[in-house]
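Let us walk through a protein model together, one spot at a time. Keep the sequence and the 3D view open as you read.

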Amino acid sequence: MIVRGGTVVTSRGVERADIAIAGRQITAVGLNLAEDGEEMDASGQHIFPGGIDSHVHFNEPGRTEWEDIAHGSAALAAGGYTSFIDMPLNSLPVTTDVAAFDRKLEAMKRSSKVDFGLWGGLVPGNLDQLEPLVRRGVTGFKAFMCPSGIDEFPACDDKTLGQGMKRIAELGSILLVHAEDPQALREPAGPTAADFLDSRRPPAEWQAVWTALTLARQTGCRLHIVHVSTRRAVQMVRQEQQRGVDVSCETCPHYLLYADDDLERLGGVAKCAPPLRRPVVVDALWKMLADGHLEMVVSDHSPSTLDLKQGDDFRKIWGGISGCQSTRQLLLAQDRLDLPTVAAITSSNIARRFRLANKGDIAPGYDADLWIVDLSHEDVVRRKDLLYRNQFSVHEGQEIRGRTVKTLVRGEEAGAGQPINQSAN
Ligand SMILES: [Zn+2]
């Protein structure tokens with residue numbers, strides 16, 4: 001097959017080019033390719049490498065009334081995503097042992113419309129499961145430094161975290177941490193949004209990031225900090241990178257589109273942890289993305305039923321944002337990042353960091369994972385267009401740019417996902 005006449009966007013730049021595909025892979029990229037085969041006309045359209053969302057909670061098996069793999073992966077495909085990596089919670093059982101991994105893998109093979117990987121969990125008492133999980137093919141591990149919100153996935157204290165990181169380093173894998181220091185968190189003083197914000201202040205993030213970085217240095221474990229919400233945390237990660245420590249971090253659209261003073265207006269659908277931050281921090285995160293100092297934007301799609309996101313008492317509202325369908329379109333609408341940067345932070349950088357084989361670029365030898373998109377189209381997020389199991393999102397009403405013409409997964413229209421392989425390096 002040949003995709004003709006589109007404008008190809010990669011992390012390296014933007015160029016007019018045809019894309020030749022044979023089997024599952026891209027075989028050539030260039031002007032006026034002579035290859036013959038079925039032709040797809042992409043003139044007037046842009047073609048990005050398929051998005052990779054390395055932070056979603058699809059909750060299957062076990063909490064499928066919140067979200068399931070079929071709905072979640074269809075939402076991703078609609079937004080230009082061709083791969084995701086699912087978190088070890090909030091499915092039931094949580095993915096902390098081989099039996100749970102096998103169950104989830106079967107569910108993924110059965111229902112996912114795009115390619116997938118699985119994070120394993122690091123929790124107190126499962127050190128002996130780390131090696132078997134690596135052999136099964138986990139992309140890496142996730143741990144919480146503070147309570148996760150569900151009892152089945154307990155937090156690691158510093159000692160457990162250190163032991164886990166030592167083991168993960170020996171296995172050549174990577175650890176992701178939710179970095180908020182439990183000792184710096186407080187019970188909210190009352191039921192309001194302001195009380196909630198006040199209970200999870202930025203120093204809780206800084207303290208936990210500092211601890212995690214220290215342990216990474218001591219153990220040699222590759223480390224990734226999820227959903228970073230402050231400038232200072234990104235700067236700490238950056239400083240460690242410059243010292244040669246193998247560490248990275250990500251942020252999410254909600255930390256880029258909303259600030260703490262929006263929380264009361266937005267209500268429970270915007271409750272997340274860490275919480276929304278000051279407008280000046282939001283602005284700083286955008287600048288760090290544009291400068292390449294912050295390398296990934298992922299959704300942290302963590303949906304639930306609508307009733308759990310409503311009510312007058314912020315303490316009782318479920319913390320989690322529903323949004324994976326819109327990440328790229330939201331970023332594009334803000335017009336603060338050039339197109340190659342969007343390709344990098346939503347695909348290429350993620351594939352490279354997590355060693356996803358043949359993913360994240362439009363070049364010969366890569367999987368033909370492509371988002372063909374009409375960038376002249378501007379709209380807002382509408383509830384009726386959302387494909388989640390629970391049709392709502394904090395992003396409703398937000399401006400989006402880009403209408404999906406087609407999402408190709410390994411050269412085929414999204415529909416039957418496969419496990420992502422890990423590359424050797
Ligand atoms: Zn999450």
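Start with Glu-180, whose side chain makes a polar contact of 2.8 Å with the side chain of His-178. A polar contact here is a pair of N or O atoms within 3.5 Å; within protein, one must be able to donate a hydrogen and the other to accept it, and residues adjacent in sequence count only if both atoms are side-chain atoms. The side chain of Glu-180 also makes a polar contact with that of Arg-200, at 2.9 Å.

Before going further, note that this is a predicted model, in which local features need pLDDT of at least 70 and side-chain atom pairs count only at pLDDT 80 or more, while totals for chains, interfaces and linings use all residues. Residues are numbered from 1 along each chain as its sequence is written, and side-chain values use heavy atoms, with hydrogens and water left out.

Helices (H or I, at least four residues) and strands (E, at least two) are DSSP runs, numbered from the N terminus. Glu-180 counts as buried because its relative accessible area is 0%; buried means under 20%, exposed over 50%, and partly exposed in between, using a 1.4 Å probe and protein chains only.

His-178 leads us on to His-227, since a polar contact of 3.1 Å joins their side chains. You will find His-227 in the loop between β11 (222-225) and α7 (231-242). His-227 is buried too, because its relative accessibility is 2%. Leaving aside neighbours within four places in sequence, the residues in contact with His-227 (heavy atoms within 4.5 Å) include His-55, Glu-205 and Asp-300.

Two of those names return at the zinc ion. Which residues are its protein donors? They are His-55 (NE2), His-57 (NE2) and Asp-300 (OD), lying 2.1 to 2.2 Å from the zinc ion. Donors are N, O and S atoms within 2.8 Å of the metal (3.2 Å for Na, K and Ca); water is not among the atoms, so sites may look incomplete. Along the chain, the zinc donors follow the spacing H-x1-H-x242-D. Both His-55 and His-57 are buried.

Now for the cysteines. A disulfide is a covalent bond between the sulfur atoms of two cysteines, and here it is counted when those atoms are within 2.5 Å. A search of the whole structure finds zero disulfides. Cys-221 is in no disulfide either, as the nearest cysteine sulfur, that of Cys-156, is 12 Å away.

Next, look at the backbone. Most residues other than glycine have a negative phi, and most peptide bonds are trans. The peptide bond from Glu-60 to Pro-61, however, is cis, with omega near 5°. The bond from Leu-92 to Pro-93 is also cis, with omega near 0°. Asp-335 is not a glycine, yet its phi is positive, at about 60°. This residue counts as exposed because its relative accessibility is 60%.

Arg-336 is partly exposed, with a relative accessible area of 39%, and a polar contact of 2.8 Å joins its side chain to that of Asp-283.
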